[in-house]
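Have the structure open while you read, and click through the residues as they come up.

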Amino acid sequence: KRRAPVVEDGPLFDRLSARLEKISAAEQITNVRFWLPSGSAVLDAIVGDGKGWPLGRLVEVYGKRSSGKTTLTCATGGQAQKYGGFFVYLATEPHVISSKDWLERNGVASEYALIYKPRTLEECLELMIEAARMGMREDVPTVIGWGSVAASGHEKLIEDGENGVAVAAKLISQAFKGAVLRGIHNSKVLILCENQLRFAFG
């Protein structure tokens, strides 16, 4: 049984609707073949013009620390499971997912979720590509969460202490431009990349 939308009307929904009307046509999501309802009318309106999450896309989920980024990602993964799909989470932040009970409270069937803790950025990207291949092969809603991008250190940083944001950026760019991840736009795969807002560096 599907849960009722969290909010269907009221001041909050009115404000969000007014904000959405200001988005230009250039910013609207186009050429989306598949959608995944979020379970919330408000969130559906924000991310997909009332239809939910656009599948076949890579989306950045960003906000302050403890603002609910992982909760949102896991809830979305739970929605994919409800529609017969997969939820894969790449946990590069320490203790980002505290327990199976926490997953269950956020709508995830934990026994069917695939939770990985990759040691390096390279390993994380390899797992992401494999998960995307699985989702495209099975042709079912597949949510791949990555928490978080900033916490994923590349091999040279971890093994040799060699710093370099440019190295990480290049690795991520190469993976996202590769044949598999570039091909998700016609699939039911959704990649949610979590990032924390930071106001200081170093």
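1. Let's start with H3, which is mostly covered: 10 of its 14 residues are buried. Buried here means under 20% relative accessible area, with exposed over 50% and partly exposed in between (1.4 Å probe, protein chains only). The buried set in H3 includes Lys-69, Thr-70, Thr-73, Cys-74 and Gln-81. Helix H3 covers residues 69-82 and reaches 20 Å from its first C-alpha to its last, close to the 20 Å expected at 1.5 Å a residue. That expected span is 1.5 Å times one less than the number of residues in the helix. Just after H3, Gly-84 has a positive phi of about 80 degrees.

2. Some housekeeping before going further. This is a predicted model, in which local features need pLDDT of at least 70 and side-chain atom pairs count only at pLDDT 80 or more, while totals for chains, interfaces and linings use all residues. Residues are numbered from 1 along each chain as its sequence is written, and side-chain values use heavy atoms, with hydrogens and water left out.

3. Now the overall picture. The protein chain has eight helices and seven strands; these are DSSP runs numbered from the N terminus, with helices (H or I) of at least four residues and strands (E) of at least two. Of the 202 residues in the protein chain, 41% are buried. The chain exposes about 11,800 Å², and carbon and sulfur atoms supply 53% of that (Shrake-Rupley method with a 1.4 Å probe; for residues, only the protein chains shown count as cover). Among contacts between residues at least 6 apart in sequence, 73% join residues at least 24 apart, where contact means heavy atoms within 4.5 Å.

4. What covers the buried residues of H5? The cover includes strands S4, S5 (114-116), S6 (142-147) and S7 (189-196), along with helices H7 (165-177) and H8 (179-182). The buried residues themselves are Leu-121, Cys-124, Leu-125, Met-128, Ala-131, Ala-132, Met-134 and Gly-135. Helix H5 has 18 residues (121-138) that should span 26 Å at 1.5 Å a residue, and its end C-alpha atoms are 26 Å apart, which agrees. After H5 comes Asp-139, with a positive phi near 60 degrees.

5. Ile-144 lies in S6 and is buried, with a relative accessible area of 0%. Leaving aside neighbours within four places in sequence, Ile-144 is in contact with residues including Leu-90, Met-128, Ala-131, Ala-132 and Ile-191.

6. Thr-142 is also found in S6, and its relative accessible area is 0%, so Thr-142 counts as buried. A polar atom of the Thr-142 side chain lies 3.1 Å from the backbone oxygen of Val-140. For reference, a polar contact is a pair of N or O atoms within 3.5 Å; within protein, one must be able to donate a hydrogen and the other to accept it, and residues adjacent in sequence count only if both atoms are side-chain atoms. Not counting residues up to four places away in sequence, Thr-142 touches Phe-86, Ala-131, Gly-135, Lys-188, Val-189 and Leu-190.

7. Thr-92 is buried, with a relative accessible area of 14%, and a polar atom of its side chain lies 2.8 Å from the backbone oxygen of Ser-148. Beyond its neighbours within four places in sequence, Thr-92 is in contact with Pro-118, Cys-124, Trp-146, Gly-147, Ser-148, Ala-151 and Ser-152.

8. Last, the rings. A search of the whole structure finds one aromatic pair. The ring centres of Phe-87 and Tyr-89 are 6.2 Å apart and the planes are at 55 degrees, so this pair is tilted. Rings of Phe, Tyr and Trp (its six-membered ring) pair if their centres lie within 6.5 Å; planes under 30 degrees apart count as stacked, over 60 as edge-to-face and the rest as tilted. Phe-87 and Tyr-89 are both buried.
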